[in-house]
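Reader: I am new to this structure. Please show me how to read it, step by step.

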Amino acid sequence: MKRQYLIVLMAAVFLNALIFIAPDTAPFPDLIHGGYFSSIMTRVIWSALFDILMVFFAVKAQAIFDLPYEVIMNRRITFNLAKNDFKVKYVGSYLGVFWAFINPLVMIILYWIVFQYAFHSGDVDDHPFVLWLMAGMIPWFFIQEAIQNGTMALMEYSYLVKKVLFKISILPAIKVFSAFIIHLAFMVIMFIIFTLFGEFPSLYWLQLIYYAACAIVLTLAIVYATSAIQLFIRDLTQFVGVVLMILTWATPIMWNPSVVSPKAMWIFKLNPAYYVITGYRDSLLYHIGLFARVANMLYFWTFVIVLLTISSSVFKKLQPHFADII
């Protein structure tokens with residue numbers, strides 16, 4: 001038996017067991033109403049769907065991780081180019097890299113003033129509104145910037161695309177990790193502000209490593225497709241901007257999910273960014289563990305694996321034509 005099939009089998013056994021012992025936190029309403037029977041049926045359906053996904057994953061493992069594997073194998077040059085990309089972006093301006101933090105901070109302060117003082121939004125679940133807002137906006141800033149800049153990666157680095165020996169697959173990753181540098185700095189700022197407000201570090205904060213990884217993988221899965229398609233359809237950049245603007249308000253970043261009916265909330269949970277942003281708040285404010293939302297976790301990784309498969313296929317199929325288009 002190949003190693004990949006053994007790993008997938010072990011993961012399937014573990015996660016199937018997790019489905020049945022986890023609390024009832026399914027991201028969708030129960031398919032059949034009727035108390036305990038309904039909960040069991042929902043878990044059986046999720047287990048069956050997950051097993052199908054595992055089979056698909058085992059067969060397509062190489063195709064799914066081909067591009068991320070190239071990034072890992074070329075991690076040194078990827079990180080070096082990401083740091084250089086971060087520095088070059090602000091060359092020539094008086095404030096330099098500080099502009100990377102000024103605009104988002106102004107946005108946070110503006111939304112804080114508008115929502116708390118103009119719309120009279122009080123504390124959220126006994127937490128200061130500004131902390132609740134920051135815990136949602138900071139991961140969203142990273143996702144938004146990584147997708148916007150990653151979509152333009154191949155066009156911006158067109159001189160590298162034409163180099164025969166250069167690994168083109170790392171270019172979208174450069175933009176993602178460049179945005180992540182800013183995200184790390186914002187995390188430090190956020191930790192300081194949380195401490196000043198009396199929210200002291202806890203072991204739950206370590207979960208942010210996992211949720212940050214989720215955000216990186218999600219954005220990579222998106223930009224592999226958008227960066228490749230953008231070379232052929234230049235309007236895609238504008239379309240991506242519009243979609244991100246819509247998602248800014250369709251994701252519970254500035255509004256409390258509790259205001260939405262539970263029967264309608266599953267629509268918003270279809271957005272994978274919901275899982276990441278909720279995870280940041282769970283870790284920073286609510287002290288909720290990873291496995292308290294197992295069903296949401298399974299949905300997120302199902303979505304990401306399928307998206308990464310499609311995105312990688314699109315990138316590799318269009319890659320032979322990149323140099324001719326630019």
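Author: We go from the whole fold to single residues. Keep in mind that this is a predicted model.

Reader: How many helices and strands does the protein have?

Author: Count the elements first. The protein has 14 helices and zero strands.

Reader: What share of the residues is buried?

Author: Buried means under 20% relative accessible area. Such residues make up 46% of the 326 in the protein.

Reader: Is glutamine 230 buried or exposed?

Author: Compare its area with the cut-off. Glutamine 230 has a relative accessible area of 3%, so it counts as buried. This residue lies in helix α9.

Reader: Which side chain does the side chain of glutamine 230 join in a polar contact?

Author: That of threonine 237, at 3.3 Å. Beyond four places in sequence, glutamine 230 is also in contact with other residues, including Thr151, Met152 and Met155.

Reader: Where does the side chain of threonine 278 reach?

Author: A side chain can also meet backbone. The side chain of threonine 278, in helix α12, reaches the backbone oxygen of tyrosine 274 at 2.8 Å. Threonine 278 is buried, with a relative accessible area of 12%. In general, an α-helix has 3.6 residues a turn, so residues three or four places apart point the same way.

Notes
Residues numbered from 1 in each chain as written. Predicted model: local features only at pLDDT ≥ 70, side-chain atom pairs only at ≥ 80, totals over all residues. Heavy atoms only, no water. Helix = DSSP H or I, 4+ residues; strand = E, 2+ residues; numbered from the N terminus. Buried < 20%, exposed > 50% of the residue type's maximum accessible area, 1.4 Å probe, protein only. Polar contact = N/O pair within 3.5 Å; in protein donor to acceptor, adjacent residues only side chain to side chain. Contact = heavy atoms within 4.5 Å.
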